[in-house]
Amino acid sequence: MTTTAPRDEQLWSRCDGCASLLYRKRLRRNLDVCPECGSHARLDAPDRVAQLTDPDSFVPLPDPAARVDPIGFVDELPYPHRLAAARAATGLDEAVLCGTARLGGHPVALAVMDFRFLGGSLGCAVGELITRTAERALADGVPLVLVTASGGARMQEGALSLMQMATVSQALAGMREAGLLTVSVVTDPTYGGVAASFATNTDLVLAESGARLGFAGPRVIRQVTGAKLPEGFQTAEYLLRHGQVDMVVPRHALRGRLAALLAAADSGRRAPETAPAPRPATASTVTARPDRDPWETVRTARHPGRPTTLDYLETAFDGFVELHGDRLGADCTAVVGGIARLDGRPVMVIGHQKGHTTAELVTHNFGMASPAGHRKALRLMRLAARLRLPVVTLVDTPGADPGVSAEQQGQAAAIAENILALTVLPTPVVAVVTGEGGSGGALAFAVADRVLMLEHAVYSVISPEGCAAILWPDSSAAPQAARALRLTGADLCRLGVVDELVPEPRPAAHADPGGAAELLRRAVAANLAPLLTVPPATLVRRRRQRFRRFGAARSAGPSPAGTSAASPPAASPAGGRAEVA
Ligand SMILES: [Zn+2]
């Protein structure tokens, strides 16, 4: 915001976004967000601290930063002159304000950068202060929140400012090892060495609306490449689409969103409460009607009215905060994940998302995860383990995305990595097959301590159509293949692949989504409770034993001769598309 004239400075501001003349007090009440166009004006560090923390809770770190001029830098002015001018103009010692505070009642350590101070540049003193803040967080056992606003490393301190990227990152590594949450709040602008270190290597990255983040700035990129930059390049929304940030949050919602995330991390830190005695790990009380044709179950499992993962997150869980992105270049819409509460306990929920209408199905790629989807899931699973949050997966996919670009981006390796990671994940994992459990794409979410299945869900090595196309004369034999594959819950309980069937309202979940959600909630809670008190090492050992036993052949009656676990490459894409078309 620019002031109109010195005389009116305190009264009126002109919005940089829409040029509206705004009454200054009204603008301040609105957290410096233009009420006309929503443009977020830059905040200085003291204002930011005041907006984010609980009243009177902020306590600055005790020792101020040392005043340094490590290389005796001089351009038109000696560096110490520039520092002195920045201090006089901002009233700050350095380009960051650090301390401890409470946020939504949760204790945190907090470092907030100030762009007014030499462009928020990262010098030795800034690096030192942020490092001390992280060390304080580690010592106190509390989360760390970093609010970034920076043009990058401070040139006037030479290579020593470059070293700060490593110094601060190392402090964040300590937080990670201790299982303490780190969050960066990226504000406008965040570039260069700050973007390439602590703005992005935290557990969670929130971008404030209107923020831009990048390694190289647009001017440099244009100069070097001569390329025309895409619309919205490096904006918060662009970063979200490209998997770089977990969420874009308007300023008004920032404090509440941070408080919700801190609450989840806080619960993971607390010792698990005494859980009820473990329930015997027997197959469910639900027995599928023997007269029901498995092909009918396949059709029910694919019913467009069947509740999706987002439906269950709305109904069976509370307070879902969605986390986005694989941090590598994409955010897959076929996979949704984030922190939610189940009976008051924070859990990481990750699931495939389909949809009810054709438009929704297309938006979510029919629940077929890309490699980015598997990598997002993996990122969230590992984050859950670090924060000691249990993982609940909801499996509903015809299979992993069989497209060309998925192959180019390493679909097979992405699935393989998830399976491997889940076998050693040191936190409880409960998987529920809610609809279709298709092939490796399903297993990538279902290497779990307890594997549940909804009464009318199916779980299979290949779709019946795909199987029919390979082993029968043509795909019209899908109903026969469905019978042969033993893909219903009752069959899979007998085989030990599934531990328990979750009953559905009559005739099936699509007829009463609310009732289905309640049954799912109860089943997940009951299966999770006994796992919460098991030490992580024991949990992992038992999970590995659970899957080790499948190495010994078990028989469930006749099966088509020559059945292969792997499908020829040609069959999968057609089968995958056909079954949801
Ligand atoms: Zn405006």
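How do the residues of the lining of the largest cavity divide into nonpolar, polar and charged?

## The cavity and its lining

The residues of that lining divide into seven nonpolar, four polar and three charged, where Ala, Val, Leu, Ile, Met, Phe, Trp, Tyr, Cys and Pro count as nonpolar, Asp, Glu, Lys and Arg as charged, and the others, Gly among them, as polar. This is a predicted model, in which local features need pLDDT of at least 70 and side-chain atom pairs count only at pLDDT 80 or more, while totals for chains, interfaces and linings use all residues. Residues are numbered from 1 along each chain as its sequence is written, and side-chain values use heavy atoms, with hydrogens and water left out.

A search of the whole structure finds one cavity of 30 Å³ or more, a cavity being a set of points, on a 1 Å grid over the protein atoms alone, where a 1.4 Å probe fits but cannot get out. The volume of the largest cavity is about 90 Å³, a volume being the space filled by probe spheres set on the grid points, which are joined across faces, edges and corners. Its lining consists of 14 residues, with Glu436, Gly438, Val458, Ser460 and Ser463 nearest the centre; lining residues have an atom within 4 Å of a point. Strand 16 (429-438) and strand 18 (458-460) each supply at least two residues of this lining, and strands (E, at least two residues), like helices (H or I, at least four), are DSSP runs numbered from the N terminus.

Two strands pair if DSSP finds at least two bridges between them. Strand 16 pairs in the parallel sense with strand 15 (residues 391-397) over six bridges, and Thr397 stands opposite Gly437. Four bridges join strand 16 to strand 17 (residues 450-454), again in parallel, with Leu452 as the bridge partner of Val432. Three bridges link strand 16 to strand 18, also in the parallel sense, and here Glu436, one of the residues nearest the cavity centre, stands opposite Val458.

## The zinc site

The zinc ion is coordinated at 2.3 Å by the SG atoms of Cys15, Cys18, Cys34 and Cys37; donors are N, O and S atoms within 2.8 Å of the metal (3.2 Å for Na, K and Ca), and water is not among the atoms, so sites may look incomplete. The four donor atoms subtend angles of 105 to 112°, which makes the arrangement tetrahedral, a term that requires all angles of four donors to lie between 85 and 135 degrees. Along the chain, the donors follow the spacing C-x2-C-x15-C-x2-C.

## Cis peptides and positive phi

Most residues other than glycine have a negative phi, and most peptide bonds are trans. Another cis bond joins Arg506 and Pro507, with omega about -5°.

Asp32, in the loop between helix 1 and helix 2, has a positive phi near 60° and is buried, with a relative accessible area of 5%. Asp56 also has a phi near 60°, but Asp56 is exposed, with a relative accessible area of 82%.

Notes. On a 1 Å grid over the protein atoms alone, a cavity is a set of points where a 1.4 Å probe fits but cannot get out, and a pocket is an open set with protein on both sides within 12 Å along at least five of seven lines; lining residues have an atom within 4 Å of a point. Four donors count as tetrahedral if all angles lie between 85 and 135 degrees; four count as square planar and six as octahedral if opposite donors are over 155 degrees apart and all others between 65 and 115; anything else is irregular. Buried means under 20% relative accessible area, exposed over 50%, partly exposed in between (1.4 Å probe, protein chains only).
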